[in-house]
Amino acid sequence: MYTLYHAPYSQHSRRIISLLEQAGLDYKTISVNMENGDYLSDWYRAINPNHQVPTFIDDELIIYESNAVLRYLCLKHDLQAWYPHELKTRATTEQWLDWNQCLLAPCVENIVLHGVFLGAQGDPARVDLGHTQWQEREAILDSALAITPYLCGDQPTIADLSVASNIFQLGIADVEPAGSSLQRWYDAMASLQGFQKSLPK
Ligand SMILES: N[C@@H](CCC(=O)N[C@@H](CS)C(=O)NCC(=O)O)C(=O)O
């Protein structure tokens, strides 16, 4: 059985739960308390020196970086629908996985971490920057999803799970998708049982 150190309000953790659930894989979760600083404790840093959730454990193997975990699970369990083998579809999947980490994640951090979770400690300039970034990045997602039903074609992949976890996170700051294609896609993602199981209770 896999072990996932996670936090319910961590979008990076939830994308892994989505895949574990969709694939019907056996796992247990250990909640890391972000409010009381458990993630900075010596015991947790010994597991993950980046002091971040998620951390995924498969026997002696410890993996951090959520998208690396998604790729690992797909390869280990031959989840080809979630991580297509066909070269061009694979390249598109990799593109959106990386886009999510490099471009959408900082925007979400600016809006949600600084605008909501950090409360009075949040930096309003970061929130403004996040909204400017979101305007551009939302349009990029909406345009892509006007061409294909999901980011990489006709079926959802781990790139969709990864991006969808960030779109849910934006909702915590009352930022909802406005583009019609993005909305249609997000409704489809939100109807997946794995996505629903990943949401904070
Ligand atoms: N690139 C990492 C990011 C993980 C991440 O930023 N986790 C946040 C919670 S969503 C965290 O643990 N932050 C605490 C910290 O950075 O010290 C991944 O994809 O797993």
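Here are some questions and answers about a predicted model, with its helices and the shell around its ligand as the topics.

Reader: How many residues does helix α1 have, and what does it reach from its first C-alpha to its last?
Author: Helix α1 covers residues 11-23. At 1.5 Å a residue you'd expect 18 Å, and the helix comes close to that. So for the expected span, count one less than the number of residues. The helix has 13 residues and reaches 19 Å.

Reader: Is α1 mostly covered or mostly exposed, and how many of its residues are buried?
Author: To count as buried, a residue needs 20 or more other C-beta atoms within 10 Å of its own. Residues in α1 that pass include Gln-11, His-12, Arg-14, Ile-16 and Leu-20. That leaves α1 mostly covered, with a buried count of 11 of its 13 residues.

Reader: Which elements give two or more residues to the shell around the ligand?
Author: There are 13 residues around the ligand, and Ser-10, His-12, Gln-52, Val-53 and Ser-66 come nearest. The elements giving two or more residues to this shell are α1 and α3 (66-77).

Reader: What does the shell around the ligand look like by class?
Author: Sort the shell residues into nonpolar, polar and charged. The counts are 4 nonpolar, 8 polar and 1 charged.

Reader: Is α1 roughly parallel or roughly antiparallel to α3?
Author: The axes of α1 and α3 come within 9 Å and cross at roughly 15°. Angles under 35 degrees count as roughly parallel. The crossing is right-handed. That angle therefore makes α1, relative to α3, roughly parallel.

Reader: And how about α3 and α6, roughly parallel or roughly antiparallel?
Author: Helix α6 spans residues 158-172, and its axis is 10 Å from that of α3. The two pack at an angle of about 150°, and anything over 145 counts as roughly antiparallel. This crossing is right-handed. So the word for α3 relative to α6 is roughly antiparallel.

Reader: Does Leu-75 count as buried or exposed?
Author: Leu-75 sits in helix α3. Because Leu-75 has 11 C-beta neighbours inside 10 Å, it counts as exposed.

Reader: How many Å apart in space are Leu-75 and His-85?
Author: In sequence, Leu-75 and His-85 are 10 residues apart. Going C-alpha to C-alpha, their separation in space is 10.0 Å.

Definitions and conventions:
Residues numbered from 1 in each chain as written. Predicted model: local features only at pLDDT ≥ 70, side-chain atom pairs only at ≥ 80, totals over all residues. Helix = DSSP H or I, 4+ residues; strand = E, 2+ residues; numbered from the N terminus. Buried ≥ 20, exposed ≤ 12 C-beta atoms within 10 Å, placed from the backbone. Near = placed C-beta within 6 Å. Nonpolar A, V, L, I, M, F, W, Y, C, P; charged D, E, K, R; others polar. Axes fitted to C-alpha atoms, helices over the stretch in contact; angles between N-to-C directions. Parallel < 35°, antiparallel > 145°, perpendicular 65-115°, else oblique. Left-handed = near helix turned anticlockwise from the far one by under 90°.
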